[in-house]
Amino acid sequence: MAESIVQYKDVHKSFGDIDVLKGIDLDIQPAEKVALIGPSGSGKTTIIRMLMTLEEPTMGVIDVGGRNLWQMEKKGEWVRADDPHLHSIRGDIGMVFQHFNLFPHMTILENCMLAPVLVKNESKKEVKATAVEMLEKVGLGDKIELYPAQLSGGQKQRVAMARALMMRPKVMLFDEVTSALDPELVGEVLEVIRDLAKEGEMAMILVTHEMDFALDIADRVVFLNDGVIEEEGHPEDILVNPKSERLQDFLSRFTVNR
Amino acid sequence: MGSLPDIFSTLVQGLKVTLLVLVLSIICSTIIALVAGLSRVSTNRLVTGVTGFYVEIFRGTSLIVQLFWFSYALPGLFNIHLGSDIWVAVLAISLNYGAYMSEIVRGSIQAVPSGQTEASIALNLSKFQRMRHIIIPQAVRMMLPEYGNYLIQILKATSLVSLIGLTDLLYYGNIYRSTHLSDSPTVYLLLLVMYFVIALPLIAFTKKMESVSKKGVAHG
């Protein structure tokens, strides 16, 4: 087995008195596609938000490429990670949000160019060429001069994906990326993710309620319930032949077409 | 009975001081508002505490007392002289309005949705880059209409400087009236008109900014 790109070791997270995650152990292999499913409030989104450094774990360790994300060594002791430490690891992670979070004061092209130019100091000319290519890939090559407000939800989400891809992350996180979309726009977004999954080299963690989609593209499905991993395994085993009662109960609310 | 051109030519002598105090106060109060507004969203407790104290003191006391304080009390008490009367006036107005306007700066920065910050973190932008490229450009769009309103208020506040002996529009109006009592209505009508004409570009600016700010801001 190759070395994991991401490793959660007994990770806990509480918000005030509420324990959202109660000991998560999870290994992600390079290029692996993992779907996180579970009832709302089960902590799926918190798991990936901690990896994106948007939430700090209350306890436990998250390793990215063998490096401890939230702690760093200083004079032989492990201390809380500072900004430069997080910055040095965060480049390997990308994220697409439920509500897109495009920058409304910039064109689509500028949205895609901003980070590579500022963070990676790449030349504007090269970044622009890559950005145009990337936007063409998600089917928006003719819209690069528009502002986010001029796009449909599905188009916005495709821009958000192109923008995240510009940083060439090793792990891409998808946080319920179709939940805020009108039903008829879900397909075009899933199509782009499916293409990305086929390309292969990037690991993907998808928090999703699209069970058919998870069955289709995931290498592994992880069922989260009440802050713990209740069941995980091959998509067929999890989604078609669930063992635990809770998972059966959860899946009964969806119709999986297989 | 004085004629209208007579009155006008007297009042015009105060125009320079009014405009000078106005322009300098706008520049200084804007700088103060930006610095104080940014300080109030800082994570450093000392910085937020000190600026919070400044804002509440200057919002909570009257501008006219502040003018007198800078002009008469400080020199008398501590032998602090703040330079010419023009600068005393500009300083008092700027500190007063800077305090009010810093609240718009703070409010607008806090009104930028948290998703914008999260997206910039996900793209690995530094704290400074986040502020400079994502938060402030959007906050500025939100603060502009109210900013315009404050500029108009600053213009009106400049009329107080005659009370510390500056020779502005109102000062010349009062001088003229004291020798031509029967012309009082004409003098003050003309003053109103002149203040309004100076305010026109500021009003136009505010209107324009309202339409600008409707574009390019994240919602939700």
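Reader: Which side chain of chain A meets that of Glu118(B) in a salt bridge?

Author: This is a predicted model, in which local features need pLDDT of at least 70, side-chain atom pairs count only at pLDDT 80 or more, and totals for chains, interfaces and linings use all residues. Residues are numbered from 1 along each chain as its sequence is written, chains are lettered from A and ligands numbered from 1 in the order in which they are written, and side-chain values use heavy atoms, with hydrogens and water left out. A salt bridge is a side-chain nitrogen of Lys or Arg within 4 Å of a carboxyl oxygen of Asp or Glu. There are two between chain B and chain A; in one of them, at 2.8 Å from N to O, the partner of Glu118(B) is Arg49(A).

Reader: What area do chain B and chain A bury between them?

Author: Contact (heavy atoms within 4.5 Å) involves 20 residues of chain B and 24 residues of chain A. Glu118(B), Leu123(B) and Asn124(B) supply 35% of the area that chain B buries against chain A, more than any other three residues. Buried area is the accessible area (1.4 Å probe) that two parts lose on being put together, summed over both. Carbon and sulfur atoms carry 63% of a total of about 1,800 Å².

Reader: Which strands stand at the edges of the six-stranded sheet?

Author: Strands (E, at least two residues) and helices (H or I, at least four) are DSSP runs numbered from the N terminus, and two strands pair if DSSP finds at least two bridges between them. The open sheet has mixed pairing and the order β8-β9-β10-β3-β11-β12 in chain A. Each edge strand has a single partner, so one of its sides is left without a neighbour in the sheet; these strands are β8(A) and β12(A).

Reader: What angle does the direction of helix α1(A) make with that of β9(A)?

Author: Helix α1(A), residues 44-51, packs on this sheet and touches β3, β8, β9, β10 and β11 of chain A. Axes are lines fitted to C-alpha atoms, for helices over the stretch in contact, and angles run from 0 to 180 degrees between N-to-C directions. On that basis the angle is about 145°.

Reader: Which residue stands opposite Tyr8(A) in β4(A)?

Author: An open antiparallel sheet of four strands has the order β2-β1-β4-β5 in chain A. Within it, five bridges join β1(A), residues 6-15, to β4(A), residues 59-64. The residue opposite Tyr8(A) is Ile62(A).
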